[in-house]
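Subject: Structure for you to look at

Hello,

Here is the structure we talked about. Please open it alongside this note; the findings follow below.

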Amino acid sequence: MRRSPCISALAVSLAALTAGLATPAGAQTASPGNYPSNVPAPSNQAAGACQGPDATSNPACAQVTANADGTTADAASAPTRDVVVTGSRIRRPDYETASPIVSLDSNTLQQSGTTNVTDFLTGYPALIGSSTSAQNSGDRAGIGATGLNLLNLRNLGTQRTLVLVDGRRHVGGVPGDASVDINTIPEDLIDRIDVLTGGASAIYGADAVTGVVNFVLKHDFEGITGRAQAGISEQGDAGQRLLTVTAGKNFAGGKGNVAVAYEYGMNDRYSTQDRDYLRGPQAVFFQRNGAYTANTPGSYLYVPYTDLRYADTARNGAVDIDGDGIPEFTGTGAVYDRGQLLPGNAYTVGGSSTSLADYGNDLLPQVERHVVNALAHYDFSPALTLFAEGKFALTRSYSLGQPSFDYYLFVPQDNPYIPANVRAAIDPALGGVLVTRDNFDLGQRGEYITRKTYRTVVGARGDLDDATHYEVSYVFGQTDVTNHFVNDQYTDRFYAAIDAVRNAAGQIVCRVDTPGGVTTDQPYNPTRTVNGSTFGAGQCQPLNIFGEGVASQAALNFVRAETTEQSYLTQHVVSGSLSGDFRHLFSLPGGELGYSLGAEYRREKSVFTPDALEQQGLTFSNKLSPTAGAYDVKEVFAELDAPLLKDRPFFQLVDLAAAIRYSDYSTIGSTTTYKLDATWAPVRDIRFRGTYSYAVRAPNIGELFGGTSQTFEFFDDPCKTENLSLGASTRATNCTALLSAAGLSAAQIAAFEDPRSTNIPGTQSGNADLAAERARTWTAGVVLQPRFLPGLTASFDWYDIKLKSAINTVNAQQLAELCVDQPTIANVFCQSITRQQGTGLINGFVVAPQNVAQFQTAGLDANISYHFKLASLGSFNVKIVGGYLNKLSFVGTPGADPTDELQYPYSPKFQANGDFTFSRGPFTLNYGLSWFDKTYRTLSTQIDATVLAGNPNYINPQYAFYKDRWVHDLYLSIDVNKNFQFYGGVNNFTNARPSYGTRLYPVDAVGRFLFAGARVKLPKF
């Protein structure tokens, strides 16, 4: 969205390596996938895949056995042990839990070729809507968001996705929020990633209403390991580098271990200017075809334009000489060509106005990461193990977005920079000119953000006896954020600098530096007033805005501002749990009754401090207020696992489980959440499972305590004549009521238009009266592990999530539309919109979070894994994770019509991610496929089956959908010996490009990408 004031060949350098991978996981199984947080994944892995640096240190490889027919034995035949899995605190046998989990191991991550973990995870259905670097770069990044990588389960919001590290909470990376920046997770330390769908608040607390993503890290290092990788597009840009080194040492006869790991990553900035086909005018779809004729074959309302421009504004200035809002000249004095003005008056085709293509900016930010981890533990006895972890992550992100822009700047006729022919044509009644301008020559605005994350974990665990286990831990985390704005602009200096005159000596100076001189007011631009002074007498430098690139460097330096925002977040978590079973008291027919009891205390704090200039409203950035808030929560929880039957006819397994958690928040009071699980296996080949949970999410600090800040929005007024039929059936009646209340006559209402193309000021803030969100989720599925096909595991799980009293902050445009699309205008949205008496035009708004929304989503997850070995050929590993999205809807307020988001960008109906791996001797070849089906284009009025059925001429059918996604990747590794491996590959080897009319969807614009790397391991120092 434009005009938001917020804002060659492959070259690989492999450093001298003294490291590789320690304790890596093997190729992972599809389901149950419920692997413990402290042991390697079970081995359904083909024996041939255990080669090179992994083989000697991977316990999973040691479990692989070959059958006489050359296939691999099923892991179910291997000895079992009780383990702790993601989604439970009870140790369970055989990895048999009811919660559906997708586990992705370190090999799969490496074979993806990317050094961005979030980019890797968005290839899987549950996380397709996650916020990657691409979404947080250029003008798409909100203030302070440049370079962030945030996970979003089920497209229900990053704030509703709980990210854990080894089952423990991690400090957030976003001021006022608990969302974890995945940049701080060291990629090469990841053993596996567990993705659990469904409410898990009863197990882990708030924020887990849609599920959990648990990063399980590698532990128990011995020796020196490391990896180096570099990649670059075939065009020689969008480069990525990764270097990791880990050193570990056992001591005291193996009772103790200490390890230190360092990871460096660098991803290059990438812009639309780096591709020929992205630089020039692009097709832009616009719902205002001036030549449209209803019910006429071949005439469509929604059409693409290839030279779309913003009306009546220009890079060199659009100059209005008579005050009618229509420019007659450019800043150079040439006659202004308005081009073909489209309905709505906001856009033109051709002419002198600024092209939308000019606003193309960064597609990827520059992101540099340094992550240092230290891990240690000491086993005093089976009853006592002390452990400690420490982490420091430094991330630097840089990206450029839009320039500043101005509407209707009043410049008096005595300004010496006004071209002579323009001055001669000025209307005396106006006494000057109005200049509307896109200030590219003042520099693109952007952010350079430094984030520092500190995290420590200390604790103790042990076995009190063979049936009783305990763990206590303390987690401290802190994130410090420093945001330096690039090419920010002083408001008062800018207005003073453009008000230039000649002094008595004939020199061009600022009017404020002449006797009695005062900067001319800006009556046509009231949203940009001068609220103070940041300069002294004689310091002003006159700025020429008539033309592009004509301003002096002194003037540019004078108006540019250096502004910095500071934030910090802290987290303290103290938790303790006792788990085990009642084997010494009694047993159930299916085994021991397991339990877990525990308590947790957590305190979260967040402080945001804008620059002093921002707090005074003295820069182009919005006027911002500081935000500070904190809360704590005390919780107790319990969990039971009851194996009712086992090894009986038609009842190979029957297991019931339940969990409950009571929480007392300092902000919203108490909440209670619970979860029920059931598993039934009639025979060992098939298992049915289901879960039901009631989950909550407490409002975060930003939602509760966000300071009042200024914001701006462009409105396409829903009450304009051409928009009355594009909303609910009540829109026309409600608009009549609103405009009548503003004093308009019936005739004025019938012809109501908004000729402005300016952004409207408003305010946004937190809401201390928010309550908790409530969610009810259930899953039901089946797991197949047929004995006649060893190595095959398949799971199919249906999920259903309903979220009520959801916290939602609608944007200003939605606010205006929701106001008139309700049954009456007596609603919370109309209360937040103000209209000017006499004109009916929107002149203000207030946005704040409210418990008014509802979300619902449902669908099917498929997780299929097949591992087998053919003695004459090698080992094969096939893994397919697929998804069917049945429902994704949003209700902005009770009584409003649902907004159907199914089959829109990042919510396709069908999706699949496939990994196909072949291993023979030292060679491993992997083919990866990322696919999802076509999706509707995003519009202010949605194109769906209803719209198309009601108006077949709404859009040409060939443009109704974005194309489906097909991305093909290749990976090859060669194990030189057990200590050294080379690998490389090609991502998007077919060079798929974005869909027509887009730059980033459904495939990014990087194109074919090449990468290569090496892994090495030295078993001892």
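Helices (H or I, at least four residues) and strands (E, at least two) are DSSP runs, numbered from the N terminus. This is a predicted model: local features need pLDDT of at least 70, side-chain atom pairs count only at pLDDT 80 or more, and totals for chains, interfaces and linings use all residues. Residues are numbered from 1 along each chain as its sequence is written, and side-chain values use heavy atoms, with hydrogens and water left out.

Val 163 lies in strand β2 (residues 162-165). Its relative accessible area is 5%, so Val 163 is buried (under 20% relative accessible area; exposed is over 50%, partly exposed in between, with a 1.4 Å probe and protein chains only). Leaving out residues up to four places away in sequence, Val 163 touches Leu 151, Arg 168, His 170, Val 180, Ile 182, Val 213 and Phe 215. Contact here means heavy atoms within 4.5 Å. Ala 178 is 15 residues from Val 163 along the chain, and their C-alpha atoms are 9.1 Å apart.

**The nonpolar cores**

A nonpolar core is a set of buried Ala, Val, Leu, Ile, Met, Phe, Trp, Tyr and Cys residues joined through side-chain atoms within 4.5 Å. The largest has 28 residues, and Leu 121, Ile 193 and Phe 215 touch the most other members. Elements giving two or more residues to this core are β1 (101-105), α4 (117-121), β2, β4 (190-197), β5 (211-217) and β8 (256-267). A second, separate core has 27 residues, including Ile 418 and Leu 543.

**The sheets**

Strands count as paired if DSSP finds at least two bridges between them. Five strands make an open sheet in the order β1-β4-β5-β2-β3, with mixed pairing. The edges are β1 and β3 (168-169); each has a single partner strand, so one side of each is left without a neighbour in the sheet. β4 and β5 run antiparallel and are joined by seven bridges. Ile 193 sits opposite Phe 215 of β5.

β8 has two antiparallel partners to look at. With strand β7 (residues 240-251), β8 pairs over 12 bridges in the antiparallel sense. Gly 248 stands opposite Ala 259 in β8. The two strands β7 and β8 form a hairpin with four residues between them, and Ala 252 in the turn has a positive phi of about 55 degrees. Strand β18 (residues 366-381) also runs antiparallel to β8, joined by 12 bridges. There, Ala 261 has Asn 373 of β18 as its bridge partner.

**Helix α14**

How are α12 and α14 placed relative to each other? They are roughly perpendicular (65 to 115 degrees; under 35 is roughly parallel, over 145 roughly antiparallel, the rest oblique). The axes of α12 (residues 731-741) and α14 (residues 812-820) come within 8 Å and cross at roughly 100 degrees. Axes are lines fitted to C-alpha atoms, for helices over the stretch in contact, and angles run from 0 to 180 degrees between N-to-C directions. On the α12 side, Arg 731, Asn 734, Cys 735 and Leu 738 meet Glu 817, Cys 819 and Val 820 of α14.

Seven of the nine residues of α14 are buried, so α14 is largely enclosed by the rest of the structure. Among them are Ala 812, Leu 815 and Leu 818. The buried residues of α14 pack against β34 (709-713), α12, β38 (833-835) and β39 (842-847).

Best wishes
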